[in-house]
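Look at the structure below and follow the chain from one end to the other.

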Amino acid sequence: MTVMTDAVVPALDDARQAHEAVVDRFRADATITPPGPYRHMLEEQVNDVRDSLQRIEHQVRELRPRGLVGDSVDIARFIARSTVRTAMLPLTIGSVIVTEMLRGRQPMDERRLLRNAEDEYAVTARALAASRAGQTIAEEVHDQATADLLATLRRQDEELLERLEDSVAEHARAVAAAANGLRGENGGGLADAATRTVRTAADRARDVAQRGGRRARGAAEGAVREMPDPTRTAEEVQGAVTREEDLPIARFSQLSIDEITQQLRTLSQSDLTVIEGYERTHSSRRPVLDAIEQLRGTQPWDGYDTMGPNEITAQLQNVPSSVARQALEYERRHQQRQKVISAAEARTAQ
């Protein structure tokens, strides 16, 4: 029983927080949405999600008194929250892309409604990811009551997400049609492009949520299996939709492969993943991808990539020789700063 509640209660807490965010978003947007069917839908959803929150609260109260705090709580909470953050990333990026695509070409009122619809979609995707992960955890620890509750929430979230996906596309078409008097074929082309962007983001969100559910299953069983890291998955998605001017390597498409590989050494693991996502989506040059793979590795310690040489050399004085050896190998593959290499060599020799 302890294992079950230690895993399930944090997942329910995450689902509750995610659905509270849906209520807040929809309620705020309803106040500035013109009267009509769409505003009525937002208000109805606020009431429906509030009912779901009450059911979550009831289930938490049923479980929490019997729950004990332990390492499994931290694992389950980490997995569930990682899933939620990962699912949010592609939708946030999709929102930015649509906005940038249409910026300066649509009336403010239509643009605001579009942005609201994008935010509603994103926050619902977050709730869906939390429901899916929580359901998986509950199933794996054989808590059927919680699994059934979260399965119901997941289906409601999926239905709402489909409705919102269509609403975002409709708002995008309205913006395109109103922009500079564009009508017919030209306006349709812009609207269709916006719609494709939204649907691509939706597909990525669903894929990430499914990966998160599989990863949550491993945590609930007591061992996180070898699977793609949710953070890395999110960074790959970010790279796939990032504009070239926002990449961590300037003038990326104008550089030769040799110039790119030289600059890759200076990047953090996170930036390498962003570049990898961009490269796979665009040119997919094997030498660039191979160079990124060769630079892959775990940082010697958290935050290493963000530290300067002086900070690293100071830290090396206080780490075990095994960590210093890892830092030495990592530094030689990456930035090759002689000061850091010398300090790491000195520490491993002690």
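Helices are DSSP runs of H or I with at least four residues, numbered from the N terminus. By that rule, Gln336 belongs to the loop between α12 (321–333) and α13 (338–349). The model shown is a predicted one. Its secondary structure comes to 13 helices and 0 strands.

**Overall fold**

- Read along the sequence, the protein has the pattern α-α-α-α-α-α-α-α-α-α-α-α-α.
- The protein has 350 residues, and buried residues make up 49% of them.
- Of the contacts between residues at least 6 apart in sequence, 76% join residues that are at least 24 apart.

**Helices α8 and α10**

- Two packed helices are described by the angle between their axes and by the distance between the axes.
- Helix α8 covers residues 257–264 and helix α10 covers residues 286–294; the two pack at an angle of about 15°, and their axes are 10 Å apart.
- Angles under 35 degrees count as roughly parallel, so α8 is roughly parallel to α10.
- The crossing in which α8 passes α10 is right-handed.
- On the α8 side, the residues in the contact are Ile257, Ile260, Thr261 and Leu264; on the α10 side, they are Pro287, Val288, Ala291 and Ile292.
- By class, the residues of this contact are 7 nonpolar, 1 polar and no charged.

**Helices α12 and α13**

- Helices α12 and α13 pack at an angle of about 150°, with 8 Å between their axes.
- Angles over 145 degrees count as roughly antiparallel, and therefore α12 and α13 are roughly antiparallel to each other.
- The crossing in which α12 passes α13 is left-handed.
- From α12, the contact takes in Ser321, Ala324, Arg325, Leu328, Glu331 and Arg332; from α13, it takes in Val340, Ile341, Ala344, Glu345, Arg347 and Thr348.
- The contact of α12 with α13 divides into 5 nonpolar, 2 polar and 5 charged residues.

**Glu331 and Arg337**

- Glu331 is a residue of helix α12, while Arg337 is in the loop between α12 and α13.
- Is Glu331 buried or exposed? Its relative accessible area is 1%, and buried means under 20%, so Glu331 is buried.
- Arg337 has a relative accessible area of 18% and is also buried.
- The side chains of Glu331 and Arg337 are joined by a polar contact of 2.7 Å.
- Leaving aside neighbours within four places in sequence, Glu331 is in contact with Tyr304, Gln336, Arg337, Val340 and Ile341.
- With that same exclusion, the contacts of Arg337 are Tyr304, Met307, Gly308, Pro309, Ile312 and Glu331.
- Arg337 and Pro309 are 28 residues apart along the chain, and their C-alpha atoms are separated by 7.5 Å.

**Thr313 in helix α11**

- Thr313 is found in helix α11, which covers residues 309–316.
- The relative accessible area of Thr313 is 13%, so this residue is buried.
- A polar atom of the Thr313 side chain lies 2.9 Å from the backbone oxygen of Asn310.
- Not counting residues up to four places away in sequence, Thr313 touches Lys339, Val340 and Ala343.

**Two loop residues with positive phi**

- His142 has a phi near 65°, a positive value in a residue other than glycine.
- Where is His142 found? His142 is in the loop between α4 (108–140) and α5 (144–178).
- His142 has a relative accessibility of 69%, and exposed means over 50%, so His142 counts as exposed.
- Gln336, in the loop between α12 and α13, has a phi near 55°, again a positive value in a residue other than glycine.
- Gln336 has a relative accessibility of 43% and so counts as partly exposed.

Key: Residues are numbered from 1 along each chain as its sequence is written. This is a predicted model: local features need pLDDT of at least 70, side-chain atom pairs count only at pLDDT 80 or more; totals for chains, interfaces and linings use all residues. Side-chain values use heavy atoms; hydrogens and water are left out. Buried means under 20% relative accessible area, exposed over 50%, partly exposed in between (1.4 Å probe, protein chains only). A polar contact is a pair of N or O atoms within 3.5 Å; within protein, one must be able to donate a hydrogen and the other to accept it, and residues adjacent in sequence count only if both atoms are side-chain atoms. Contact means heavy atoms within 4.5 Å. Axes are lines fitted to C-alpha atoms, for helices over the stretch in contact, and angles run from 0 to 180 degrees between N-to-C directions. Angles under 35 degrees count as roughly parallel, over 145 as roughly antiparallel, 65 to 115 as roughly perpendicular and the rest as oblique. A crossing is left-handed if the near helix is turned anticlockwise from the far one by less than a right angle, and right-handed if clockwise. Ala, Val, Leu, Ile, Met, Phe, Trp, Tyr, Cys and Pro count as nonpolar, Asp, Glu, Lys and Arg as charged, and the others, Gly among them, as polar.
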